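Open the model in your viewer and keep the selection panel at hand. The tour goes from the ligand to the strands, then to one residue.

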Amino acid sequence: MSKAIIFNASPRPKGNCAAIASRMEEELAEKGFDVRRVDFRTATIGYCKGCDACKRHDEPWCVQKDDMGALLPELDAADCFVMLTPIYWGDITAQAKTFVDRLYAFFAPAKENMTVATKFGKKVAVVTTSGSMPEEAVAEKTQAVINSLGIAGYTEGRSLSLNQLNVPGAVNDSEEYLAEVDELVGWLSE
Ligand SMILES: Cc1cc2nc3c(=O)[nH]c(=O)nc-3n(C[C@H](O)[C@H](O)[C@H](O)COP(=O)(O)O)c2cc1C
């Protein structure tokens with residue numbers, strides 16, 4: 001069974017990212033995925049310490065015994081993942097950035113087991129919601145994340161940026177946006 005993990009980096013329990021996460025969770029499950037969802041607001045994920053201890057291990061591993069340390073091997077084994085984040089002050093949230101920083105544990109080009117190679121061909125989707133952030137400005141941020149994930153081994157990346165979503169849960173009122181979310185799920189499950 002294919003496995004997907006959905007990460008929600010919004011602190012709002014009933015926000016737009018949460019609504020999209022629920023929809024994707026349901027649709028991926030319908031398509032036969034074993035789906036795991038992690039809402040960062042209920043998780044403990046510390047900052048990367050930059051200690052390089054992960055570089056001395058042959059498997060995905062982190063010195064920190066928090067939720068991210070435990071998630072790394074699971075994420076390594078998953079077939080795809082989604083990261084949902086609101087735009088805060090023109091960028092992804094601090095929670096989303098902290099998560100991406102911790103994926104440094106996957107950056108080990110010289111190691112056979114822990115490795116970028118285990119992610120080749122696996123898909124990753126980055127979804128942002130915002131109030132009025134211009135499309136091009138968001139694209140610059142999401143592309144930077146996708147580039148980093150590419151270096152960590154996820155060579156197949158796509159992003160989706162949805163704006164005019166200041167009201168929590170407003171995404172559910174837009175047939176157009178929901179169709180774009182569904183299209184992304186379709187791509188993930190191809
Ligand atoms: C602290 C904070 C900063 C924000 N900064 C921006 C911003 O720079 N540009 C923008 O278009 N929207 C901004 N917003 C609006 C959110 O991106 C928008 O409401 C988003 O849909 C929230 O997603 P959520 O409901 O999943 O939490 C900000 C909201 C907050 C709370």
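**Stop 1: the ligand**

Select the 18 residues around the ligand; Ser10, Gly15, Cys17, Pro86 and Gly131 come nearest. A residue counts as near a molecule or strand if its C-beta atom, placed from the backbone, lies within 6 Å of it. This is a predicted model: local features need pLDDT of at least 70, side-chain atom pairs count only at pLDDT 80 or more, and totals for chains, interfaces and linings use all residues. Numbering starts from 1 along each chain as its sequence is written.

Colour the shell by class. It has 8 nonpolar, 9 polar and 1 charged residues. Here Ala, Val, Leu, Ile, Met, Phe, Trp, Tyr, Cys and Pro count as nonpolar, Asp, Glu, Lys and Arg as charged, and the others, Gly among them, as polar.

Next, select helix 1 (16-30) and strand 3 (80-88): each supplies at least two shell residues. Strand 3 gives the largest share, 3 residues. Helices (H or I, at least four residues) and strands (E, at least two) are DSSP runs, numbered from the N terminus.

**Stop 2: strands 1 and 2**

Select residues 3-8 and 34-39. These are strand 1 and strand 2, parallel and joined by 6 bridges. Strands pair if DSSP finds at least two bridges between them. Find Asn8; opposite stands Asp39 in strand 2. Now trace the chain from strand 1 through helix 1 to strand 2: this β-α-β crossover is right-handed (with the strands pointing away from the viewer, the path from the first strand over the helix to the second runs clockwise).

**Stop 3: Tyr88**

Go to Tyr88, in strand 3.
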